[in-house]
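Student: Please take a close look at one part of this model for me. I would like to see one contact between two chains, and the fold behind it.

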Amino acid sequence: MQVDLDKQFDLPGSTTQGWEFLQDIPGVASCMPGAEITDKIDDNNYKGKVKMKIGPAAMAFNGDIVINSVDAVKREINLIGKGQDSKGSSSASMDLTASIIETDGGMSALKGNASVTVTGKAASMGGRMMMQVADQILNQFGSNFADHIAAMGEGREAEEAREHIAEQPQEINGLKFAWTVFIGWLRSLFGGK
Amino acid sequence: MIPAEFEYHKATSIQDAINQLGAHEDSKLLAGGHSLLPMMKLRFAEPPTLIDINGIEELRGIRLEGDTICIGAMTTENELIESEILQQHCPLLVEAARLVADPQVRNRGTIGGDVVHGDPGNDHPAVMLALDATLVLQGPGGERQQPANGFFLGTYWNDLQEHEILVELRVPVIRQGVGHGYSKLKRKTGDYAVAGSPVVVELDGDVCRDIRIALTNVAPMAIRAEAAENVLRGKVIDDALIEQAAAEVIAACDPAEDLRGDIQYKSHMAAEMARRSIRAALQQARG
Amino acid sequence: MAKQHVSFNLNGKHVDALVEPRELLVHTIRETLSLTGTHIGCESSHCGACTVDLDGKSVKSCTVLAVQADGAELKTVEGLADADGLHAVQQAFIEEHGLQCGFCTPGMLIRAYRFLQENPNPTEEEIRWGMSGNLCRCTGYQNIVKAVQTAAQTLQQA
Amino acid sequence: MDNAAEVQEREDSIKGVGCSRKRKEDARFVQGTGRYTDDLKLPGMLFADMVRSPYAHARIKSINKEKALALPGVHAVLTADDLKPLNLHWMPTLAGDVQAVLADEKVHFQYQEVAVVIADDRYIAADAIELVEVEYEELDVLVDPHRSMDDDAPILREDLVGKMDGAHSKRVHDNHIFNWQAGEKEATDRVFEQAEITVKQEMYYPRVHPCPMETCGCVASFDKINEHLTVHLTSQAPHVVRTVVSMLSGIPESKIRIVSPDIGGGFGNKVGIYPGYVVSIVASIVLGVPVKWVEDRMENISTTAFARDYHMTGELAADSEGRIKALRVNVLADHGAFDACADPSKFPAGLMHICTGSYDIPVAHLNVDGVYTNKAPGGVAYRCSFRVTEAVYVIERTIDVLAQKLGIDKAEIRRRNFVKAEQFPYQTCLGWELDSGDYHTALEKVLDAVDYEALRKEQQEKRAQGELMGIGLCTFTEIVGAGPSRNCDILGVGMFDSAEIRVHPTGSVMARMGTITQGQGHQTTYAQIIATELGISSDEISIEEGDTDTAPYGLGTYGSRSTPVGGAATAVAARKIRAKAQKIAAHLLEVSENDLEWEVDRFKVKGVPGQEKTMKEVAWAAYNNVPEGMEPGLEAVDYYDPPNFTYPFGIYLCVVDIDKATGETSVRRFYALDDCGTRINPMIIEGQIHGGLTEGFAVAMGQEMPFDEQGNLLGNTLMDYFVPTFVETPHWETDYTVTPSPHHPLGAKGVAESPHVGSIPCFTSAVVDAFAHLDVTHMNMPHSAYRVWQKVHELGLDQHA
């Protein structure tokens with residue numbers, strides 16, 4: 001089950017600030033609510049964990065993140081995250097290319113292309129909603145990323161952004177925030193419609 | 001086939017249920033159970049605690065209050081179908097309930113569970129939008145009323161606050177000059193809708209004073225096709241305008257692809273269902 | 001996980017059982033109470049082979065927790081016949097060849113038993129609608145419809 | 001002479017062949033006291049549950065059992081390594097390949113069994129499978145069979161690399177299973193080169209699943225003291241299971257008892273021997289207690305024998321009058337990761353070479369390539385006599401295309417090409433002898449019944465108004481009753497079948513057969529055969545099947561073989577008894593055998609009214625007053641090796657109306673005429689036809705098993721897999737003619753698979769016919785509203801005012 005998504009998020013800061021933060025992998029990972037870097041093997045290899053909730057459904061994936069390329073000129077990184085769910089019934093991988101681009105008026109934006117593949121029970125049963133929930137996830141990732149950029153600055157917005165980041169519980173459930181799910185989302189299959 | 005272990009508590013009142021939601025982290029309410037239990041049997045959902053709200057009388061029953069019908073959240077689909085109040089004053093809800101799942105599931109599945117569950121395939125969210133219904137919610141902070149419009153935010157994402165329970169749904173009584181239509185396309189009994197569209201129209205003479213076109217399972221959540229409504233509102237509706245509205249419905253769709261259809265098919269079917277519902281609503285409104 | 005005590009009336013007899021909260025009613029009936037007439041054909045609340053009569057309503061016992069049946073009135077296929085023989089529905093299924101492998105039959109009978117009380121004089125379309133929660137892979141449904149029609153006539157004359 | 005009425009009354013009371021008597025099985029089923037595999041509970045019984053792979057193609061790096069074994073109530077976790085010492089981690093398939101019992105270093109399809117957990121109850125087992133930690137290394141996945149033999153295709157079966165002598169033919173690639181051909185290639189190619197008209201049509205018969213109401217399961221119980229193994233399981237061929245289990249385990253067959261209790265529908269899904277059975281047997285042997293394994297629906301659809309998945313091309317060469325000169329068929333067959341087809345061993349493509357159908361075709365050539373993909377094994381199932389569904393589909397679709405190209409009506413072109421009644425028995429150019437048939441009479445009967453001309457006229461008017469109405473036709477010939485031992489065997493055992501009949505002193509009868517019913521009513525129909533042969537009321541005849549300790553050896557029930565083979569054995573065994581009875585009657589009446597004549601239930605002395613002995617009287621005498629030199633008792637066994645298959649045929653006509661706005665197809669009418677020779681119980685036959693037509697409707701209009709590129713099966717629950725309910729299933733009209741089989745003792749041919757085989761091409765024929773006036777020659781199944789609407793949209797037929 002493959003989902004390809006292209007997203008762009010305006011950032012309240014300069015391209016250098018954006019690029020600086022983009023290279024901070026644990027920081028970037030924390031923009032993905034429910035995601036967490038558990039340990040760093042080296043600059044290009046990390047171990048991570050994602051816990052997420054979709055309605056009553058919950059899944060926990062643990063796996064590794066490999067940074068394939070870091071291109072300072074194009075301010076672009078490419079990383080692959082692969083993991084298997086704790087019950088061994090599903091697995092997923094995400095190939096993410098993210099870059100900071102200049103936008104008119106001297107501002108910047110985060111451009112992301114994610115191709116997410118899921119296998120196992122999550123795919124054969126959750127496929128139906130993959131696109132929609134993946135979309136919601138990347139929206140949330142983008143707005144969190146923007147908060148982190150804003151938090152670098154001074155003044156009221158920065159303060160608000162820092163609060164916003166702090167409020168974010170480690171593992172999102174749907175009640176407060178838009179949900180972000182790193183990978184595999186299931187649906188209520190049944191209850192017959 | 002077999003759910004993971006969990007603690008089971010029966011709530012005796014709404015307040016008791018709210019307290020138990022607060023007391024047990026990650027607990028889930030067990031209403032009809034026909035959305036939650038199947039997910040648990042396949043180990044997608046593993047809530048540590050279930051709070052059974054089937055015994056709470058306050059959540060049951062359908063009553064008429066002036067020109068508003070109050071429907072308890074735990075009312076089952078079959079209770080909607082058999083309700084004389086609804087047959088007379090809100091036939092759209094009866095028609096919609098008849099097309100949910102199958103006879104056995106309709107004995108257990110509840111309108112409240114269907115509204116808050118959050119799957120794009122649930123049927124009642126769009127019906128609530130078409131009826132411009134109001135949700136009565138109760139939580140730690142007390143009771144609040146929330147229009148259905150704006151409650152559904154995404155897939156498994158709505159405006160239900162933490163430890164809040166949907167207590168009641170309030171829908172307006174159908175008045176003179178108001179007509180409804182309901183169309184749902186599905187492969188077979190018990191399947192998700194390929195596309196569904198409840199429509200309510202209010203006529204002023206020949207002019208459409210107001211119209212609400214809602215769509216099921218063709219977007220991350222139930223939606224109103226506002227652009228399509230604007231094509232018809234304030235006008236005398238004819239076939240040409242209906243086609244224009246249908247084109248707007250297609251534009252409003254953002255469905256998930258599966259073996260029921262791709263984006264093109266599901267969007268076109270949403271338009272076809274909307275067409276049929278608009279025509280049925282007009283015919284009924286014109287009396 | 002600590003077990004809870006449940007008791008209910010099963011086919012006219014009071015029964016007790018100790019069940020985990022997660023135990024499905026269909027398993028309690030089949031395993032603990034050894035009434036294996038009720039069958040399991042899926043895990044997604046679709047096939048209806050597990051249909052039982054709970055407090056006067058047809059329900060899929062694979063999607064009801066045993067603890068939810070505490071204090072209920074339950075009837076399964078084993079409870080349809082009585083002292084003076086088969087229920088009209090059972091007789092009609094034999095009469096009209098409304099079964100072949102027999103696996104969906106208990107669910108069909110219990111559903112038909114309740115449906116004919118909800119609608120004593122149904123048209124063919126109403127029968128197909130009222131029975132649409134039960135799947136069958138052998139009969140193609142046509143003879144089951146005839147069986148329900150025959151049972152309806154027998155029950156009305158009685 | 002007794003008056004005719006009295007004789008008729010006696011005949012009626014026998015309730016023998018031809019009587020629509022009510023079914024004996026129903027009493028227990030309607031009271032919920034049927035005995036299915038999952039109903040069995042044995043003292044100390046444990047439960048097995050499977051750990052399955054989320055990946056379709058991956059190497060297994062490690063399996064960690066600790067957490068699972070630590071869970072209270074878990075007794076064992078077995079993996080391939082635990083089976084290796086018993087040499088049971090692989091097992092032979094019925095098709096000459098081998099299949100992993102538990103994944104051995106590599107998983108080959110999604111949901112493949114990787115480990116099995118044995119626990120106190122099914123709840124603990126369900127918890128335990130999630131605690132087994134398996135580390136995988138993903139490999140490239142092969143899903144599209146067309147790419148199986150590419151140079152760069154991922155290699156699936158590392159155990160076969162370099163071994164190019166396959167079980168059925170040379171292998172030309174590591175992912176190749178077999179090439180199999182029938183007919184003369186050169187002669188056929190020449191006819192095509194010179195023919196006036198040729199048509200060619202590609203068509204895909206999707207992978208589908210039989211999905212019986214009861215999933216597969218077993219209870220294996222090894223008695224350590226007597227070293228005796230008893231297994232209750234959902235098998236359509238219990239004796240074959242006993243032989244295979246004996247070969248695998250080394251336990252002598254005499255110490256293995258296989259019991260197929262009541263089966264909740266089989267449809268070919270319960271012919272195979274599944275890993276679940278083998279690991280339950282091993283676990284029972286290792287732990288010394290009974291072990292039960294029952295799969296859930298997702299496991300059933302995802303991993304047990306699927307059906308079809310044939311990528312076919314049909315070609316016909318004909319003259320301008322539509323007379324067919326030659327047939328050419330090419331097939332690419334997707335067999336999944338292991339070749340586990342349940343075909344007779346000489347036929348890797350089953351009986352596909354029956355694809356000349358009901359037509360007099362001078363020359364033909366069939367070429368089939370089987371290949372491996374990362375999908376579950378299987379392929380022969382779902383109410384289909386070894387690929388006859390695919391064979392009938394390719395000929396019936398291609399003759400429709402020929403008719404369309406020539407502008408000849410699809411009924412007329414069939415009339416011109418039918419084998420004529422006087423040509424029977426008819427030798428087909430691909431090596432079969434069609435035993436009997438009368439296609440022309442049957443076709444006219446159907447066309448009259450539905451007023452075909454009026455339907456075509458109505459279609460013209462509808463087309464003028466832009467409406468879509470289709471009339472489908474299928475005039476198929478089946479090949480059932482496998483089969484003559486000279487060309488049919490399973491693992492070397494000939495495909496005969498058997499019956500053992502014993503008449504008791506008071507004249508009632510016990511009979512046992514080598515077949516096993518899954519709902520077809522054997523308990524009722526076999527008794528009718530014996531009743532007519534022996535003149536004893538069928539109500540006093542008990543029939544038993546499925547217990548290998550008591551039933552004579554038989555090859556089981558599938559391919560509509562019970563009546564043609566088991567029924568024949570029953571008739572012949574009964575005739576052996578009647579021959580002995582005649583001698584006893586002659587002895588009692590003190591006449592010679594030839595002076596006696598048989599009438600319904602008694603021997604009568606010719607020309608001497610009142611001198612007669614009923615079979616019951618003879619039965620009593622058989623135990624106390626037999627002629628000199630004759631042994632007492634009245635019983636017989638017969639192992640019947642059929643001289644030929646039998647060839648039931650049918651004429652199906654279907655009328656559909658298509659909703660242009662949604663693509664929905666409504667079946668307005670379906671008229672099914674079947675000819676299965678002598679009809680034993682017309683009520684049961686009609687029930688089988690209803691069931692087969694409904695399965696055909698499900699396959700043609702909605703069933704499919706789609707895979708994505710990662711090998712995920714996207715539709716393995718009843719939410720997605722299309723099983724129609726009461727509401728969607730059309731009303732069926734049935735009719736019949738009777739053309740007995742010349743070589744069968746009763747003239748009976750077997751019928752239950754015909755409605756499935758014949759209805760599917762008929763539905764496609766009807767849906768395509770709705771678009772035929774717009775140069776549409778074929779549409780692949782399933783004809784879901786979505787796919788039909790795509791054709792409507794493509795042709796711009798859905799534009800609104």
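Tutor: Two residues are in contact if their C-beta atoms, placed from the backbone, lie within 7 Å. This is a predicted model: local features need pLDDT of at least 70, side-chain atom pairs count only at pLDDT 80 or more, and totals for chains, interfaces and linings use all residues. Residues are numbered from 1 along each chain as its sequence is written, while chains are lettered from A and ligands numbered from 1 in the order in which they are written.

Chain A gives 17 residues to the contact and chain D gives 14 residues. On the side of chain A that touches chain D, the elements with two or more residues are β6 (90-103), β7 (107-120) and α3 (121-126) of chain A. Helices (H or I, at least four residues) and strands (E, at least two) are DSSP runs, numbered from the N terminus. α3(A) gives the most, with 4 residues.

Now the sheet. It is open, has 7 strands with antiparallel pairing, and runs β1-β7-β6-β5-β4-β3-β2 (chain A). Strands pair if DSSP finds at least two bridges between them. β1 (2-11) and β2 (35-42) of chain A are at the edges with a single partner strand each, so one side of each has no neighbour in the sheet.

β1(A) pairs with β7(A) in the antiparallel sense, over 10 bridges. There, A:Asp10 stands opposite A:Ala109 in β7(A).
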